[in-house]
Amino acid sequence: RIIAELDKPPSKLVSDLWAACEQDKKDQRQASADNMKFHWKPIGPFFGKMDAEAITIQDCRDYRAKRAAEGRADSTIATELKHLRLTLNWAAKNRHITKAPFIEVGPESDPRDRHLTKAEMRKLKDAAHAPHIKLAIELLLATAGRISACLELTWDRVDFDRNKIQLNTSERGKGRAIVPMTDRIKEELRAAFEVRSCDYVIEYSSGPVKSVRKGIGNAATRAKLDEVTPHVFRHTAAVWMAEAGESMEEIAQFLGHRDVSVTRSVYA
C-alpha cells in the first residue's frame, strides 16, 4: 500500500500534470523547465483546472481566439500550445493519463527576421546598466550562442590561451559549438574573470543567472528599440557574418547547426 501510494500519479488536472512535468525537466536540468514556467502564465488560467484527457480541439481554438484578442502573435500562441502538447505527451508516456488528447496548435506566423544594426547595437550597449546584462549582450553577440548556452557557460570552458569558447547547452537536439574569441569579447571576459565570484561567466550575487530577458528588455526600452529578445543577438551575429561575405558553411559551424541547409534557409 505504501509503494502504491508513492507511485500514485498526480491528478489528471492540467495544473498538476504541468507541475510534475516541469519538475521532471528540472531534475534532468533541461532548459525547457524555465520555458514551461514562463508559458504557464497564460496557459494556467485557461487550461489549469481542466481534465487533461477531456481537452478538445474547440478548447484549443477558444484559447487561440482569446490570446489573439489580447494581441499575441500566431507564433507566440503556437509556442504556448506546443508546451501544453509536450506536457500531455509526457503525462501519457509516464502513464499519468491513458492517452494524450490532440492539441491543435494552429497557424504560425513567419519567423521574425529582426536583427540589430551596428548603430542600434551601440545604443543598446550604452543603455545596459547592470554589469551582468552588459556582459551577456557582449557574449551573445560574440558567440551567436543560444541564451541557455551562454547562461550555462562556466569559466573552465573559456580558453584564453587558445582564444576559444566551448559553448554547451542542456537543450536536447541543439547543436554545440566551439567559437573563437574576438579581441573585444576576450577583453570583456578577462575583465569579468578578474572580479569573478563563482564558476559561471554570467553571474549575479555570486551565483548563476536564470534569465536576462527582463534586463535586456529594460535596456531596449531605454534605447527606444523594439522586439529585442536574447535570440535577436544570435540572429544579428549571423546576419552580420552573411553581410560580411562569410560562407553559409562557416556560419553554420559558428551557429552549431548540424545541417547547413537550416542555416541557408534562414540567412541566405
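This is a predicted model: local features need pLDDT of at least 70, side-chain atom pairs count only at pLDDT 80 or more; totals for chains, interfaces and linings use all residues.

Residues are numbered from 1 along each chain as its sequence is written, and side-chain values use heavy atoms, with hydrogens and water left out.

Me: How many helices and strands are there in the protein chain?
Reply: Helices (H or I, at least four residues) and strands (E, at least two) are DSSP runs, numbered from the N terminus. Along its principal axes the C-alpha trace spans about 60 × 45 × 35 Å. Within the protein chain there are 13 helices and five strands.

Me: What percentage of the residues in the protein chain is buried?
Reply: Buried means under 20% relative accessible area, exposed over 50%, and partly exposed in between, with a 1.4 Å probe and protein chains only. Of the 268 residues in the protein chain, the buried ones make up 43%.

Me: Within what arc do the buried residues of α2 fall?
Reply: In α2, the residues V14, S15, L17, W18, C21, E22 and K25 are buried. The arc is that of the directions from the helix axis to the C-beta atoms. Seen down the axis of α2, the buried residues line one face of the helix, because they fall within an arc of 160°.

Me: What distance separates the end C-alpha atoms of helix α2?
Reply: The expected span of a helix is 1.5 Å times one less than its number of residues. For the 14 residues of α2 (residues 14-27) this should give 20 Å, which agrees with the distance between its end C-alpha atoms, 20 Å.

Me: At what angle do helix α7 and helix α9 pack?
Reply: Two packed helices are described by the angle between their axes and the distance between the axes. Axes are lines fitted to C-alpha atoms, for helices over the stretch in contact, and angles run from 0 to 180 degrees between N-to-C directions. Helix α7 (residues 131-143) and helix α9 (residues 183-194) have their axes 10 Å apart and pack at an angle of about 145°.

Me: How many nonpolar, polar and charged residues are there in the contact of α7 with α9?
Reply: With contact meaning heavy atoms within 4.5 Å, L135, E138, L139 and A142 in α7 meet R184, I185, E188, L189 and A192 in α9. Ala, Val, Leu, Ile, Met, Phe, Trp, Tyr, Cys and Pro count as nonpolar, Asp, Glu, Lys and Arg as charged, and the others, Gly among them, as polar. The residues of this contact divide into six nonpolar, no polar and three charged.

Me: Which residues does L141 touch, not counting residues up to four places away in sequence?
Reply: L141 lies in helix α7, and at 14% relative accessibility L141 counts as buried. Apart from residues up to four places away in sequence, L141 touches M121, K125, F233, T236, A237 and W240.

Me: Is R95 buried or exposed?
Reply: R95 has its place in the loop between α5 (74-93) and α6 (118-127). R95 is not a glycine, yet its phi is positive, at about 65°. With a relative accessible area of 74%, R95 is exposed.

Me: What is the phi of S205?
Reply: S205 is found in the loop between β4 (203-204) and β5 (207-208), where S205 is exposed, with a relative accessible area of 64%. Although S205 is not a glycine, its phi is positive, at about 55°.
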